[in-house]
Amino acid sequence: MKAMLLQQIVSLHDTQEPLVLADIPIPIPGPGEVLIRVAACGVCHTELDEIEGRTAPPQFPVVPGHEVIGRVERLGAEVSQLQIGDRVGVGWIHSSTGAADENLSVDFRATGRDVNGGYAEYLTVGEQYAYRIPDIFTDAEAAPLLCAGAVGYRALKLTQLQNGQSLGLTGFGGSAHIVIQLARHLYPDSRVSVFARDESARRFALELGATWVGDTTDRSPESLDAIIDTTPVWKPVVEALRNLAPAGRLVINAIRKEETDKKSLLDLSYHDHLWMEREIKTVANVTHFDIAEFLKIAAEIPIRPTVEPYRLEDANRALLDLKHGPIQGAKVLVID
């Protein structure tokens with residue numbers, strides 16, 4: 001099968017081809033697993049973290065990709081919940097304990113990092129971690145729901161927001177453009193402020209219902225009860241805390257943060273940023289419960305992800321566009 005392989009850690013400032021197109025054997029599903037023929041796979045910022053070593057794979061080569069949509073092609077022994085032909089998705093969680101806190105377990109294994117992922121024509125996964133995809137979504141639309149959407153849903157739950165309270169989103173890419181649609185449905189009386197460097201992202205946020213938009217360093221017109229940070233860097237975290245109301249909560253929705261602007265943390269003032277029982281919380285991975293719950297809600301709304309398609313062979317270009325270019329919506333590899 002065709003697959004894009006990560007063979008070593010590299011800097012995306014030094015290379016334009018971090019992945020190599022290769023022909024590798026089609027995997028065989030083990031007991032309790034299914035073989036999925038991949039139709040689409042989202043391109044997530046966490047792939048950049050893997051490539052550049054911030055969350056390095058334990059071994060090489062590895063096939064990245066953890067926003068996977070496809071159809072069940074083959075059943076392993078003891079599979080009882082899925083059938084050949086079912087359209088399913090696979091997210092960041094490839095396997096774990098199955099418990100409520102499985103995202104925190106040392107047994108957590110990530111799709112596309114600890115095991116081969118969806119930048120390929122096929123992958124295998126345990127049936128518990130394959131989710132039926134609502135018919136309302138195309139393959140390309142469904143792909144970003146498996147991580148950008150599901151982890152965004154977990155982040156929104158962690159804010160403990162109540163309807164009518166104010167929400168902020170800093171950064172407005174693949175995850176935040178889904179979260180704003182989710183928030184407007186779950187908390188219809190809440191106002192949403194969006195902070196983004198790019199003017200086109202701010203216009204996009206207004207189109208999706210933001211009540212106010214500004215630059216990352218701007219002050220919102222009201223103090224915010226909760227803020228979700230979806231950026232890969234540190235300055236937006238510091239700036240977001242300035243906009244947080246007393247007893248407010250900032251949730252950082254990222255697997256890793258880059259080191260490029262870590263010195264921004266030296267600007268933290270206990271009095272101005274943290275005092276008055278302000279709180280910082282992080283998202284740690286995702287559970288299979290989060291993904292299953294979110295997909296049902298996403299279909300009810302329905303959420304409409306904005307996607308930009310690429311061929312599997314163009315995965316390197318998609319990654320570089322994600323790293324260096326302005327982002328509107330989600331980038332998705334479409335596999336023929």
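In which strand is the place of Arg109? In this predicted model, Arg109 lies in strand S7, which covers residues 109-110. Its relative accessibility is 38%, so Arg109 counts as partly exposed. Leaving aside residues up to four places away in sequence, Arg109 touches Trp92, Ile93, His94, Ser95, Asp114 and Val115.

The chain as a whole is divided into two domains. Domain 1 is made of two segments, residues 2-144 and 286-334, while domain 2 runs over residues 150-282. Between the centres of domain 1 and domain 2, taken over C-alpha atoms, the separation is 26 Å. Domain 1 contributes 26 residues to the contact, and domain 2 contributes 23 residues.

The extent of this contact can be expressed as an area. The size of an interface is often given as the accessible area lost when the parts come together. For domain 1 and domain 2, the area buried between them is about 2,200 Å², with 62% of it on carbon and sulfur atoms.

On the side of domain 1 that touches domain 2, the elements that give two or more residues are helix H1 (45-51) and helix H8 (288-300). Helix H8 gives the most to that side, with 5 residues. By class, the side of domain 1 that touches domain 2 consists of 12 nonpolar, 8 polar and 6 charged residues. Elsewhere in the model, a salt bridge is formed by the side chains of Lys323 and Glu258, with an N to O distance of 3.6 Å.

A further residue examined is Glu239, which is found in helix H6 (residues 235-242). Is Glu239 buried or exposed? Glu239 is buried, because its relative accessible area of 12% falls under the 20% cut-off. When residues up to four places away in sequence are not counted, Glu239 touches Thr216, Thr217 and Arg219. With Arg219, the side chain of Glu239 also makes a polar contact of 3.1 Å.

Definitions and conventions
Residues numbered from 1 in each chain as written. Predicted model: local features only at pLDDT ≥ 70, side-chain atom pairs only at ≥ 80, totals over all residues. Heavy atoms only, no water. Domains from an automatic or database assignment. Contact = heavy atoms within 4.5 Å. Buried area = accessible area lost by both parts, 1.4 Å probe. Salt bridge = Lys/Arg side-chain N within 4 Å of Asp/Glu carboxyl O. Helix = DSSP H or I, 4+ residues; strand = E, 2+ residues; numbered from the N terminus. Nonpolar A, V, L, I, M, F, W, Y, C, P; charged D, E, K, R; others polar. Buried < 20%, exposed > 50% of the residue type's maximum accessible area, 1.4 Å probe, protein only. Polar contact = N/O pair within 3.5 Å; in protein donor to acceptor, adjacent residues only side chain to side chain.
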